[in-house]
Every structure is written in structure tokens, then in C-alpha cells.
Amino acid sequence: MINKGTAFILSLFLFISCPTFGQDSLSSNIKITTHFGYEISNVGCYGNIGGQINYKKFGFGLAYILDYSDANGLDGPFGVATTLSFSPNHSDNKVINHFINLDYRITFHQRFCTFDCSQKYNKIQELNIGYGLSIKIFKRLSISNTINIGWYLEKSLSDRTGKTISESGSNSLINAKLNYLIAK
Amino acid sequence: MKKLFFYTTLALFFSACNKEEKQNYSNIAIYGHGGAGFESHTNRLPANSFKSIQKAIEVLNADGVEVDLQIDSNGTTWLFHDQFLEGKTSGNDCFGERSTSYIKTCNYNLGGKIFQLQELMDYFSSLSPKPKVSLQVELLDRCIDHSLLIEQLIAIMEVNNAYDWVQIESDSPGLLIQLKAASKHFQTFIRAPDLTSCINLCSENGFDGIIMNNTDVSVKDVERVQALGFKIALFGVASQAEIKSALKKHPNQIQCDNIELLHRIMKQ
């Protein structure tokens, strides 16, 4: 059985390699970037790796996220993050572009159970809206940072009663990414 | 093809790196510090609140919780850490000078009401098996009626027949001596800055165990305490390094601020 560490390295390979296949057919308005990032929210500290497709001023991103709190990441929670972004004054010629984004993520946390082990993971969902800046360093390399506020919902199965325990509240998320433009 | 081979080799290398000899930690009881740990950027549940205690026991599968005791001017006992209400709640002034009706109106700034000791007793009595409680009682607060606190504590322990699942920890030997005099069934844990004085206090007064900061004791210290027939609980355990260090010592109890990480490390 493949473990999460192996899956992480293979996903890295796939994220870097796959979007370059067939890039000649892409319109010049479409750009594809890959990124590594780190983010801190009220739910946890995560590393992420993913890609983003930009069409004119709009962007759609998908990332695999992995808990890196206390540097014990490869055994920790994992999940998926999606981002919709809009950059009102975007230009390829600008060094700094700003954008707003809507971010949804779901993370799965392993349950440690004694009595009711019918479910393997508890999940936490986050919905955030944010503002970000992207700074071009080289032709293909940029860094970006977003500051988000939003809401989280944690649903956990009680080990003692078998009932679902919900917890929700306001959330904040700070995100930093290193982006690499792989197709244009 | 070369790239695929490289990444696959790298992946196999990483997957093979994390093999360590599995330790048996089944004798260590895990207590959530203040419930599911004290408030932090990634923990928005107020310490000693119902939500935090519920998360520790029902979601994070802790064996028990370490909670702090306060008493109001009417003699009702509450789970609250600080001497003053301001800072963490909508209330103000010294806890011990406020009435029960006033405390009931106070909300935590992070959400939720202050939890009463009797409510905790009722909640844990509804669960099977009953989780354990380590009740920290300090007699440092000047605005608290200490004799009333001790009287109420003894009454609650008797009414709930809680001697086998609630232990009392304090840095006041006088308090623990009074509790032992009231009933020999009280499980008492002394907290002092150095281990030798703790051992002496246990031997002289018949206390059951010692509470120490994880950084202040070594593996040999823990073995020494256990060899004398006393239990030892370690606190100050939150980060990965602190958890690994505490587990190596094999204490009887760990009071932890990051129960999820502790489980993950114990499982490795």
C-alpha cells in the first residue's frame, strides 16, 4: 500500500509534468502555473502543492494540502483546496499584480478511536475570501501572498456517543506561494 | 523515463525513512490540558470550556482532562483558569468576589459559557467508561474564600462519589493534607519546583503523586519516583520535541496541549 509520503512525491512529479503535455494547443490567453506554498489558518498549518489555470483576469486553482504543523506533516491531516481568483488590472508586463480570491478547502483528520471506529477521518471545511499580491521575480517565477478571512466548519464523530459533533467559527488564513509559469 | 525512475526512487527512499522501533505507551494516561489544550492560533476553544473538554474526550480520545477550579462568592465551583474575569471573558473583576448569577452571564471572548464543576461531573457520569479528571486547585488568589473552596470541593467529591476518577493537584501541601484528612480516598498530586521536595512531601503526607514540568525531570527522575511507589504526571507538553521527550520518560500521565499530535507520535 502506497503511503502518504510516496503519494506526495508522486503528486509533485505529476503536477510538474502533466500540464506541459499538449501545451502547443493552448490559447495565448491561458496560462498554467504550478506552485508550492505554506499557509496558516485557525484550523492548522499546511503546506500545499498545486496548479492554477488563468484565463485573462480569472484564475482557477487546485492544490493538495498537507499538514506541516510541528514538522510531522507526512503523517498528519491532508486535503484539497480550490481557489477562484479575479485580478481586475492584471497585466503580464506588470511586476506587481493584485487580485481577490475565494478559497474553499477540505481537510481530513485521522480519528483516534477506541469505542466507535466506524469512520476513519473527521473533516474540516473552510471558506475564505481574501486579497492578494503577486510579485514577478523572473520571467516565469513569481511569489504571491494572500490574506483571507472566512469561516470554518469542523465535523467530528464522537468516539463515545457515535454522534456528530459540529464546531464552527470565524477563520483567518495567510498564504504564501512560489509560482512557476509552465505553459502560456 | 529517467525522470520517472528518479522520482519513483526518491518516493521509495522517503517512504522507507520513517521506520523506528515501535514503543508501547499503553500505560501512559493522556490528559488534555484545560480540555483540548490551551488557546492558540490553531485552537479557538477556550480552555476549561465545555466545547474544549468535549473535544478532548469525544473527538481526540484523551483519557481525561486537566482543569482549573475557581469559586464564586456564593460558593459555586467553576472551571476557570485565571484569578480575574477580564481578558478571557465579557466579565470583569476578581472571580471570587463575583456572585453565581453574575458568572452565569459571562461569556468567553472566543464563545461559550463558563462551565461549572458539577456540570462536568454530570457530563462525565453520562459517559461510559468515565473519563478521568485532574482538578488543579490553587490557593494563591487572595479574593477567594479558601475554607469555602475546600468545603465545597469535599462536598462535590462525596456527592458524586468521584474519588476513583478525579484527582486533585495543587502546589499547596496544606490543602492536600486537609483533603486527605477529610477522606483517605482523595487522590492527591503535589506540585513543587524541585523533585526532591515533592518526594519528601509525598512520603511525609501520603500524597499519591507528583506533577512536574516535563523540562524539569529526566528519565531517571521518573523511574526514581515510580520506584518509590508514587505516580508522576508531566505538563508543559505541546510541541513535537516536548511530546517525544515526555514519552521517552514513560510517566504515568501526560498533560498535553496537542493531543492529536501526541496520538500521531504514539502511533508511529
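## Exercises on chain B of a predicted model

Helix α5(B) is followed by Asn161(B), whose phi is positive, near 45°. Here helices (H or I, at least four residues) and strands (E, at least two) are DSSP runs, numbered from the N terminus. The model is predicted, so that local features need pLDDT of at least 70 and side-chain atom pairs count only at pLDDT 80 or more, while totals for chains, interfaces and linings use all residues. Residues are numbered from 1 along each chain as its sequence is written, chains are lettered from A and ligands numbered from 1 in the order in which they are written, and side-chain values use heavy atoms, with hydrogens and water left out.

**Exercise 1.** Work out what span the 14 residues of α5(B) should have, and compare it with the distance between the end C-alpha atoms.

*Solution.* Begin with the rule that the expected span is 1.5 Å times one less than the number of residues. For α5(B), residues 146-159, this gives 20 Å. The end C-alpha atoms are 20 Å apart, which agrees.

**Exercise 2.** Find which residues of α5(B) are buried, and what covers them.

*Solution.* Buried means under 20% relative accessible area, exposed over 50%, and partly exposed in between (1.4 Å probe, protein chains only). By this test Leu148(B), Leu149(B), Ile150(B), Leu153(B), Ile154(B), Ile156(B) and Met157(B) are buried. Next, look for contacts, meaning heavy atoms within 4.5 Å; the cover includes, among others, β2 (64-71), α4 (117-125) and α6 (173-182) of chain B.

**Exercise 3.** Classify the ring pair of Tyr163(B) and Phe186(B).

*Solution.* Rings of Phe, Tyr and Trp (its six-membered ring) pair if their centres lie within 6.5 Å; planes under 30 degrees apart count as stacked, over 60 as edge-to-face and the rest as tilted. A search of the whole structure finds ten aromatic pairs over all chains. For Tyr163(B) and Phe186(B) the centres are 5.2 Å apart and the planes stand at 85°, so the pair is edge-to-face. The pair links distant parts of the chain, 23 residues apart.
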